[in-house]
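Hello,

Here is the structure for your files. My notes on it follow below.

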Amino acid sequence: MQSVDRAVNRPSRPSQPVVPGAPKLVVEKFADRGVACIRFVGTIDESFEGKKLGATATADTLVLDLGGVKRISSFGIREWIDFVTTAAGHARSLILIECTPKVVDQLNMVANFAGGGRVFSFYAPFRCDYCNTEQRVLLQVDRDWEAIKSTRIAERPCLSCKESMYFDEDGATFFSYVIGQDRFQLEPEVEAFLAAKLNYAVSDLNRKLRVDKVVEDRTTYLRLAGDLDESFPRDKLAEGLEGTVILDLGAIGKIEPVGAVQWRSFIAAIAPVAERVYLASAPPSFVEKLCTRDDLNPVVQLLTVLMPYSCASCGTTSQHAVDVGAHYDVLKFATAPEVRCPGCKQAMQCYAGETVMTLLPTMPRPTAGPELVKSIAVLRDRALLAAGPRRAPKAGTAPPVAQPAARASVLVPILVALLAIVLAAGGYLVYQRIAARLPAGGLGALTHRSAEVRPAWIASEVPAAATCSEAGKALSCVGVSSVSARQDDAEDEAADAALDAAANALAVRITSPKWRLAVLPVYTAARDAKLAAFDRDPTSTIARRDVREARHAVAQALRATSGGAVPAAPTSRYWEEYQGADGRRHLAFAQITLGATEIAKLIDGYAQPASALGATVVGLFPLIAWRYPKIERGAVIVGLAQGPLQELGLAEQYVVLAIDGRDVTDAASFAKLADDEHGALIEHGGTLRVKVQIADGAPREFATAIKPPPEVDPAGAVKRPRTNPAATPGASGVNVWDKFGGGKGSGRDDPTQ
Amino acid sequence: MQVVILERNKLVGRKVARLFAATGASVVLLEDPAAVAAALDGADVVCADTFDGELVAEQVRARSGLRGVLWTAEPMRRSLRYLVESAAIDHVLGRRDFESPPRAWELTMLARRLAGAPAPPLGGYLDWGFAAIDIAVRATADRDAAAARIQDFVAALGVPRRVAEMFAELGHELIMNAMYDAPIDAFGRPKYAADRKADIVLADHERPALRVATDGTRLALQIRDPFGRLERRHVVDGLARGLAGGELDRSHGGAGLGMLVCHNASTALFFDVAANRHTEVTALFDLDLNLRELRTHAKSLHFWRQ
């Protein structure tokens with residue numbers, strides 16, 4: 001079972017104020033080839049137009065993400081039934097995921113609530129009476145079937161107070177619908193979709209990598225679907241590959257560090273024997289992790305990237321394969337090409353993360369011609385057909401063909417026509433980011449600048465952007481300010497942006513699996529969210545402030561923890577002053593360069609682990625400031641074995657700030673302080689106190705009493721150890737019922753029960 | 001009022017008999033079902049566990065004027081079949097288990113009303129010292145605000161979030177019924193039932209009165225519309241259909257599952273209908289139950305019509 005932190009609640013809070021005009025239900029649509037997902041967040045009531053939405057839900061497999069459904073009124077049920085019945089008519093299969101307890105109630109109560117679909121996962125409500133919190137635990141029918149079937153879910157430790165929390169429903173009632181359906185597993189395409197697009201964890205068994213292969217003349221096409229992990233069949237896959245190799249990565253799910261290592265090893269094995277290796281439909285996560293400049297070379301080229309786009313008009317979110325070669329001139333400015341919504345034809349907004357957008361300009365321009373790009377779709381269809389009917393494209397979504405040999409001849413003209421449409425749309429390419437981040441009417445007339453000519457190190461003028469490029473073994477990171485009324489203000493912002501980009505470039509270069517597993521999750525979501533919010537609405541003061549403050553915090557943390565490897569001031573600066581309708585405005589640029597020695601020192605410093613009391617830590621990485629802006633120093637737990645800190649309740653990804661009031665500055669200081677303090681407590685007794693940052697909010701202190709060894713009197717008898725009453729666990733106030741003579745009853749130990 | 005009680009558990013039987021006696025009723029307490037028929041001459045009410053529901057239903061069918069009362073520790077569905085079959089059984093009292101009597105206050109309230117007492121005020125459902133708020137619902141726009149206000153009121157008690165949400169949902173359902181289903185025009189035709197999506201503004205004489213109250217042990221939500229059109233079959237059939245499998249009934253403009261929502265969100269439901277004058281629905285929730293217990297605790301249902 002998997003805990004999900006999205007629903008941890010204190011005792012009931014006041015309801016959200018009713019905002020007139022605010023939508024009660026937000027519906028988001030995602031689509032990727034044959035799989036589409038509709039996510040519902042809010043209340044389903046009479047205002048939900050089920051039939052209308054259902055008519056638009058065309059997909060081979062339709063996934064309904066119900067994790068955000070808060071309430072369903074009885075009239076909402078009627079609309080829902082209309083929706084689900086209509087949608088079921090348009091999809092080959094219907095799958096319900098993350099059903100909230102409210103949805104499970106409806107499934108149990110209302111006939112045909114799932115519309116013939118199957119429930120793959122749902123939340124079971126848990127409650128802790130000790131700390132009065134509620135939590136939801138995600139159950140999956142493939143993984144947790146035995147527990148579901150037994151209708152008994154064991155008590156589990158509360159995430160807040162570690163006491164026991166219980167399943168707050170009647171099992172026989174709650175599981176009645178799900179038990180009535182069969183246990184099933186998701187198809188690989190759906191697994192990959194959920195894992196990659198929704199960051200949805202499906203079971204390991206389900207995500208096992210599948211490879212479909214098509215060989216045509218000297219071209220070998222390999223379609224990979226599933227997770228990149230230790231099971232990656234590197235040697236088997238590399239065997240016999242030659243000529244042109246196309247690796248279709250569109251269905252790749254999660255990328256484990258060990259899988260990344262295997263992948264690099266695979267590429268290293270085939271690069272010398274293949275004429276060209278083209279990576280096609282690479283998802284953003286793949287680009288971030290496995291398409292750094294070191295991964296690509298004249299033989300191994302990135303051909304197309306799957307970019308996420310969202311339509312502000314109809315709310316559809318979908319992935320679009322962007323041809324790197326065709327759009328190279330746009331991508332090199334860290335901007336995405338314009339794409340039209342397949343549903344409503346309006347212009348879509350790309351919301352790819354800053355990391356991907358800053359990596360794309362560093363890619364070499366692929367040498368493949370458009371014919372090769374076109375042929376990938378044909379090869380993919382052929383591979384899916386060869387894989388069997390279960391995985392073949394749905395009739396109607398691809399032209400039907402009798403035989404594979406004839407298929408290409410039928411498909412190619414159609415694909416060429418489609419491509420022509422896409423290319424025609426490409427004629428309208430605009431640099432959306434530049435336009436969006438500039439004031440309406442542009443900057444105005446250039447009136448002053450700090451140098452006669454704009455320096456060559458400035459490759460982009462997208463306000464508030466930051467990019468890094470390699471110059472030999474050195475790194476050059478350039479930050480651009482947003483448009484500012486003050487020159488000094490703009491210069492500071494540009495410097496912070498450059499330092500943030502430098503920190504990100506360092507993160508990409510740290511390959512330690514432990515580090516990546518523990519440190520990246522601490523800040524990635526916060527960083528992506530803030531940058532995406534700014535991307536979506538560059539005019540938003542809040543979004544801009546969030547990004548700016550986070551970058552400033554990162555810059556401070558980088559300077560504080562770099563040990564002098566990062567220059568105190570930018571290597572180069574440049575600014576421009578404009579006179580426009582809004583008055584005087586400034587745009588500043590800053591460059592930070594790091595030599596190979598500094599880079600190596602920084603990577604070593606941040607990734608070097610230290611261990612004490614069972615915990616392995618690394619020094620605080622500056623990008624963590626995106627999430628915890630007030631922290632400049634500390635140590636991140638990347639591994640935790642049996643020991644006092646584990647017993648204390650610490651966990652991986654916690655940031656240790658202090659031990660017994662003494663600040664932890666880096667990994668080494670953590671190890672020293674922890675060992676020293678624990679040693680002293682073992683000798684004299686007392687309380688071990690560790691201050692950590694766990695989640696957003698104030699740091700939290702964990703404490704435990706450590707008893708000294710028993711004293712032995714001259715006669716050899718053991719005396720009772722002297723303990724500080726205030727330091728006993730019972731004084732922590734957690735288990736107050738036991739303290740007042742409880743603990744006699746079973747269950748929740750609440751004397752009122 | 002003469003009451004015949006069939007209860008196989010001696011202790012439970014004595015407690016129930018005492019409660020009836022306290023209201024002035026004369027009581028015959030029996031343990032053997034075979035003795036019931038002989039004791040019913042002149043009786044006004046026959047009471048038993050749903051386990052003996054068949055016997056009660058048979059006797060009320062056979063004797064005009066005799067009314068049946070059931071108590072149960074089992075799901076409502078089992079008792080409901082007797083309410084569907086016999087119009088003389090209007091009351092089911094939930095109890096914790098077969099060793100426990102129904103709630104004392106509920107039983108005495110039932111006894112008083114069977115003897116002719118009028119419907120109690122909201123305070124009758126709660127202990128002395130309760131707190132209540134009145135919520136005005138005049139238009140569609142007020143509906144969501146009212147549900148949010150109910151949620152806030154319950155949340156302020158420090159109860160689990162899900163309980164507060166559940167009660168807000170219950171409020172929403174009851175408001176929808178009072179606003180859209182109840183009002184009729186001068187010709188007796190439903191005014192708003194056909195279109196639940198329409199924004200409506202109720203005239204002064206159409207407005208329902210909504211109250212939510214608590215004594216810290218129980219929550220009460222009461223809504224009263226000035227039409228009195230709710231029929232027994234709306235309650236019993238709606239509940240029976242919902243509990244039997246949740247088939248939708250679109251014939252009245254809604255989904256026909258409102259009764260099921262009300263049942264699932266409460267421990268006791270009271271329907272008081274004064275034909276063509278008012279319909280009052282009171283839902284109670286026992287705050288000492290957690291949601292797991294709520295699901296398994298037997299529930300009460302009372303239907304009164306003047």
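This is a predicted model: local features need pLDDT of at least 70, side-chain atom pairs count only at pLDDT 80 or more; totals for chains, interfaces and linings use all residues.

How many residues does helix H2 of chain A have, and what does it reach from its first C-alpha to its last? Helix H2 covers residues 74-90 of chain A, which is 17 residues, and it reaches 25 Å.

H2(A) is mostly covered, with 12 of its 17 residues buried.

Next, a helix pair in chain A. Helix H16 (residues 487-509) packs against helix H18 (residues 541-561) at an angle of about 65°, and their axes are 8 Å apart. H16(A) is therefore roughly perpendicular to H18(A), since angles of 65 to 115 degrees count as such. The crossing of the two is left-handed.

On the H16(A) side, the contact is made by Glu493(A), Ala495(A), Asp496(A), Ala497(A), Leu499(A), Asp500(A) and Ala503(A). They meet Arg548(A), Arg551(A), His552(A), Val554(A), Ala555(A) and Leu558(A) in H18(A). By class, seven residues of this contact are nonpolar, five are charged and one is polar.

Last, chain B. It has 306 residues, and 48% of them count as buried. Chain B contains 10 helices and 11 strands. Of its contacts with a separation of 6 or more, 61% are between residues 24 or more positions apart.

Regards

Methods
Residues are numbered from 1 along each chain as its sequence is written. Chains are lettered from A and ligands numbered from 1 in the order in which they are written. Helices (H or I, at least four residues) and strands (E, at least two) are DSSP runs, numbered from the N terminus. The expected span of a helix is 1.5 Å times one less than its number of residues. A residue is buried if 20 or more other C-beta atoms lie within 10 Å of its own, exposed if 12 or fewer, and partly exposed in between; C-beta atoms are placed from the backbone. Axes are lines fitted to C-alpha atoms, for helices over the stretch in contact, and angles run from 0 to 180 degrees between N-to-C directions. Angles under 35 degrees count as roughly parallel, over 145 as roughly antiparallel, 65 to 115 as roughly perpendicular and the rest as oblique. A crossing is left-handed if the near helix is turned anticlockwise from the far one by less than a right angle, and right-handed if clockwise. Two residues are in contact if their C-beta atoms, placed from the backbone, lie within 7 Å. Ala, Val, Leu, Ile, Met, Phe, Trp, Tyr, Cys and Pro count as nonpolar, Asp, Glu, Lys and Arg as charged, and the others, Gly among them, as polar.
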